[in-house]
Amino acid sequence: MSSPHATFPPAAATLSELPRHIAVVMDGNGRWARRRALPRIAGHRRGVEAIKNIMPLLRTRGVQYLTLFAFSSENWQRPSSEVTLLLELFASTLENEIRRLHENQIRLRVIGDLSRFPHALQNRVAESMALTRANQALNLTIAINYGGRWDLTQACRALAELVERREISADAISASLLASRLCTSDLPEPDLFIRTGGEQRISNFLLWQLAYTELYFTDTYWPDFDEQHFEQALMRFASRQRRFGKTAEQIQAAPIQAEAAAPAPA
Ligand code: IPE
Ligand code: IPE
Ligand code: MG
């Protein structure tokens, strides 16, 4: 296996071997802080710095979509002091970084159930998304109070309402119609999922959207995840063969692009 400091891209890499959309569970902030005898929020703050540090590399590697899990629907169960600090960190980071994101042509989306947040924060999020709406250099999506089960449930509810109002028949519900009601409906499915912090689980992130995503787990805590770790993840991705249900021989005969290979609507 290649070392985390090997250079990228490997000789044979082509653009099709680079992920267009990366989804990240940024885990390990608390343990990073505990190891240094710091409060957990110090780890979360360093986690924000880690995001900022990898952004330039993402762009040079042609990544078009980055989706970050910042706060799960289950994270409300943490001590209220940590929840408050995490939400304050989200609000202040949004405030401090939105201008720079916009200058760098980055489009910001925030997904999740925002209804539980103060109105002022909901408004800031809406304004930030509107401000950056036309930007095309990179699509940055922050998942906050997000849960894959919540997303699927709200999509099902929306479709049930259409059936109830007789705007569609139950038979018309297809995989693509359901996907169109998820809050990621205007994003391609992730090509690469990265989870830092050593745990090997999805933790209710993009349950539907990860169906054919390549999974990459690393023990590195998120605040330590730097450009070299990121390149290591890209190299591992480039070494995978995505088959989408086909055989290896079929793929060798006719390589497929991920965007063309999404499972056909049921
Ligand atoms: C991930 O880091 C950030 C959030 C869940 C908000 P953690 O806070 O889960 O860090 P660990 O897992 O306790 O180390
Ligand atoms: C997942 O991390 C959520 C985020 C990174 C925002 P957790 O630390 O909450 O996940 P579990 O509890 O270990 O599964
Ligand atoms: Mg954790």
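Me: Of the contacts in the protein chain between residues at least 6 apart in sequence, how many join residues at least 24 apart?
Reply: The share is 76%, where a contact means heavy atoms within 4.5 Å. This is a predicted model, in which local features need pLDDT of at least 70 and side-chain atom pairs count only at pLDDT 80 or more, while totals for chains, interfaces and linings use all residues. Residues are numbered from 1 along each chain as its sequence is written, chains are lettered from A and ligands numbered from 1 in the order in which they are written, and side-chain values use heavy atoms, leaving out hydrogens and water.

Me: How many helices and strands are there?
Reply: The protein chain has nine helices and six strands. These are DSSP runs numbered from the N terminus, with helices (H or I) of at least four residues and strands (E) of at least two.

Me: Which residues touch the most other members in the largest nonpolar core?
Reply: They are I22, L140, I194 and F230, within a core of 41 residues. Helix α3 (residues 80-103) supplies the largest share of this core, seven residues. A second, separate core of 10 residues includes A23, F69, F205 and L206. Such a core is a set of buried Ala, Val, Leu, Ile, Met, Phe, Trp, Tyr and Cys residues joined through side-chain atoms within 4.5 Å.

Me: What does L140 touch?
Reply: Not counting residues up to four places away in sequence, L140 touches M55, L66, L68, L101, I106, R107, L108 and R109.

Me: Changing topic, which residues are around ligand 1?
Reply: They are M26, D27, G28, N29, G30, R31, R40, H44, A70, N75, R78 and L86, counted when one of their heavy atoms lies within 4 Å of the ligand.

Me: Which polar atom of R78 lies by an oxygen atom of ligand 1, backbone or side-chain?
Reply: A polar side-chain atom of R78 lies 2.7 Å from an oxygen atom of ligand 1. From the backbone, an N or O atom of N29 is 3.2 Å from an oxygen atom of the ligand, and a polar atom of G28 is 3.5 Å from one. Taken alone, ligand 1 exposes 370 Å², of which the protein buries 87%. Accessible areas come from the Shrake-Rupley method with a 1.4 Å probe, and for residues only the protein chains shown count as cover.

Me: What about the residues around ligand 2?
Reply: They are V25, M26, D27, F69, A70, F71, S72, N75, R78, R195, R201 and S203. Polar side-chain atoms lie 2.9 Å from a ligand oxygen in the case of N75 and 3.2 Å in the case of R78. For R201, a side-chain N or O atom is 2.8 Å from an oxygen atom of ligand 2. Ligand 2 alone exposes 390 Å², and the protein buries 78% of that.

Me: Where is A70?
Reply: A70 lies in strand β2 (residues 65-72). A70 counts as partly exposed because its relative accessibility is 33%. Leaving out residues up to four places away in sequence, A70 touches M26, I142 and A143.

Me: Is T220 buried or exposed?
Reply: T220 is buried, because its relative accessible area is 17%. T220 is placed in the loop between β6 (214-217) and α7 (227-238). The side chains of T220 and T218 are joined by a polar contact of 3.1 Å. A polar contact is a pair of N or O atoms within 3.5 Å; within protein, one must be able to donate a hydrogen and the other to accept it, and residues adjacent in sequence count only if both atoms are side-chain atoms.

Me: Lastly, what is phi for A37?
Reply: Phi of A37 is near 55°, a positive value in a residue other than glycine. A37 is in the loop between α1 (29-35) and α2 (40-60).

Methods
Buried means under 20% relative accessible area, exposed over 50%, partly exposed in between (1.4 Å probe, protein chains only).
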